[in-house]
Amino acid sequence: MSGRDLFCPPRRTRRGAALTLVFAGVLVTGAATGSFQEPDAARRTVAGSARTATGPEDLQKAAGHEDVQRAAAEAMADGKSPMEAAERAVSRSGDRWGAVYSEGEYQEFQEALDGRYTGVGLWARRERDGRIEVTRVQPGSPAAAAGIRAGDRLRSVDGSKVDGLPVTEVISLLRGDADDAAAGTTVRLGLQRGTRAWTKALHRASLSTDSVTVRKLPGGVTVIRIAAFTKGSGGAVRAALRQAPAAAGVILDLRGNSGGLVTEAVDTASAFLDGGLVATYDVDGAQRSLHADPGGDTTRPLVTLVDGGTMSAAEMLTGALQDRGRAVVIGSRTFGKGSIQMPAELPDGAVAELTVGHYRTPSGHAVDGRGITPDLDAGPEALTRAETVLTGLGDPS
C-alpha cells in the first residue's frame, strides 16, 4: 500500500464520503451542460454555497440541505457547535455519502482539486513488516530541501511512532489534518537511513502536483496514468496523446483514481471520442447529460486499467469508453460511487454535502453500489495483459 500527502481525505471526514474528490465538485458539470454561463462562475459556486442558475432553493430542500442548515443554525443560536449539529443531521439522513467539512478542510479540498495541497512532499508505503518507507520525494518540496531521499525510513511524525499504521494515517499526520494545519506550520519527522537515525523539523508548504504522468514502455506503448482529475488533467492527456507515437497504442491507467473535477473527466473522454454521450445524470429528478467534444482520437488502440480504487469521475470515464466501444477495460470491478453531492455553506463557514442524484453510463448502467465490471479480469499482471491486448487490437494505421 502506498500514498502521498495529497489526496488523503481529512481525518474528520474519512468515514466515507470525503474520499470522492469528485461530485463534491459536481457543480462544475454545469459548465459542460449549460447550467452555468461561465466555467469560472461554476468554480466559484463549488467553493461557496450550493447555488446554481436553476432553482437553488428547491434543490437544497429536495437534497435535505435545509434540515442540515436549520440544525446548524439552531445549534449556533444555542451556543453549541454548528458543525457537530450538522454532522448529526447528516448521520440521521441515512445519506451514505453525506459529509460535513470544516471551513479549513473544504478549502484544502478545493486546493487539491486545483492540483495544490499542503504538505511536505513525501510519497510513502508500508512494508510487510509494518515499517513506513519513503518511496519518492517531490523536487523543490520541504522534504527535498531537508535531504530526505527515497528509501529512507519514516519512524515518527511529531513524536508519534508510525510503524504499523495505515499509510493514510501517516499521510494525515504529515498534513496535519487533525489540526487543520496550514502552510508554514512545523512537523517533526523521525527518520532513519541505514544505521543513522535523526529528527528533522520541516515546515509544511503549499505544493502543486501533476496528477497526470506519462511513460513509454519498451514496445512503444504509451502509459497515461491519471491519479485524480484535477484542474488541467484533460489538457495533459491531450498533450500526451499528441506526443505518443502514431502507430502505438495507449494504456489509460485509472487504478486508484478516486475522482475529481467532472469537467476534466469529460475533457479526457473528449480526447478519445468524436463527440457523443459520456453520461447521463439526474439532479432532483431532472435528467441531464454530459457530452464529449468532437474531434478526439478514435482510431488509436486503447486499454483502460481499473481496480477497486477507481471511483466516481474515473468510473464515469471508464463507463463512457467501455459503452462506446472505444476501450478494452482490464482489471477488477471498480468501487461503485455513482452518486452526486452538492455543497451548502453552514452558518459557521463549514460545508455540508448531501446526495442529490446519480449518474449512468451511456448504455444506462447505474454505477452507484455496483461499479463497472471490466472486460477482462486481471490483478497485479494487469499492465502486462494490457500490452498483450493492445498487440491484438492491431496497428491503427
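View 1. Leaving aside neighbours within four places in sequence, Met316 is in contact (heavy atoms within 4.5 Å) with Val262, Ala265, Val266, Val278, Ala279, Leu290 and Tyr359. This is a predicted model, in which local features need pLDDT of at least 70 and side-chain atom pairs count only at pLDDT 80 or more, while totals for chains, interfaces and linings use all residues. Residues are numbered from 1 along each chain as its sequence is written, and side-chain values use heavy atoms, with hydrogens and water left out.

**View 2. The largest nonpolar core, and another one apart from it.** A nonpolar core here is a set of buried Ala, Val, Leu, Ile, Met, Phe, Trp, Tyr and Cys residues joined through side-chain atoms within 4.5 Å; buried means under 20% relative accessible area, exposed over 50%, and partly exposed in between, with a 1.4 Å probe and protein chains only. Which residues touch the most other members of the largest core? They are Ile224, Leu252, Val278 and Met316, out of 37 residues. Among the elements that give two or more residues to this core are strand E12 (222–226), helix H9 (233–243), helix H10 (262–272) and helix H11 (313–323). Helices (H or I, at least four residues) and strands (E, at least two) are DSSP runs, numbered from the N terminus. Apart from this core lies another, of 20 residues, including Val120, Ala143, Leu189 and Leu191.

**View 3. An open sheet of 6 strands.** The order is E11-E12-E13-E16-E17-E20, with mixed pairing; two strands pair if DSSP finds at least two bridges between them. Strand E11 (212–216) and strand E20 (376–377) stand at the edges with a single partner strand each, so one side of each has no neighbour in the sheet. Further in, look for strand E16 (residues 302–306) and strand E17 (residues 328–331), which run parallel and are joined by 4 bridges. Val306 stands opposite Gly331 in E17.

**View 4. Helix H9 against the sheet.** H9 packs on the sheet and touches E11, E12 and E13, and its direction makes about 15° with that of E11. Axes are lines fitted to C-alpha atoms, for helices over the stretch in contact, and angles run from 0 to 180 degrees between N-to-C directions. Ser233, Gly234, Val237, Ala240 and Leu241 are the buried residues of H9. They sit on the same side of H9 because they cover an arc of only 120° around the axis, the arc being that of the directions from the helix axis to the C-beta atoms. These buried residues pack against E11, E12, E13 and H10. On the other side of H9, you will find Arg242 and Gln243 exposed.

**View 5. Strands E6, E8 and E9.** Strand E6 (residues 153–157) and strand E8 (residues 186–193) run antiparallel, joined by 4 bridges, and Leu154 stands opposite Leu191 in E8. E8 is also joined, by 8 bridges, to strand E9 (residues 196–203), again antiparallel. Arg188 has Ala201 in E9 as its bridge partner. In the hairpin of E8 and E9, with 2 residues between the strands, Gly194 takes a positive phi near 65°.

**View 6. Helix H6 and the glycine after it.** Helix H6 (residues 103–113) is mostly covered, with 8 of its 11 residues buried. Among the buried ones are Tyr106, Phe109 and Leu113, along with Glu105, Glu108 and Glu111. Just after H6, Gly115 takes a positive phi of about 85°.
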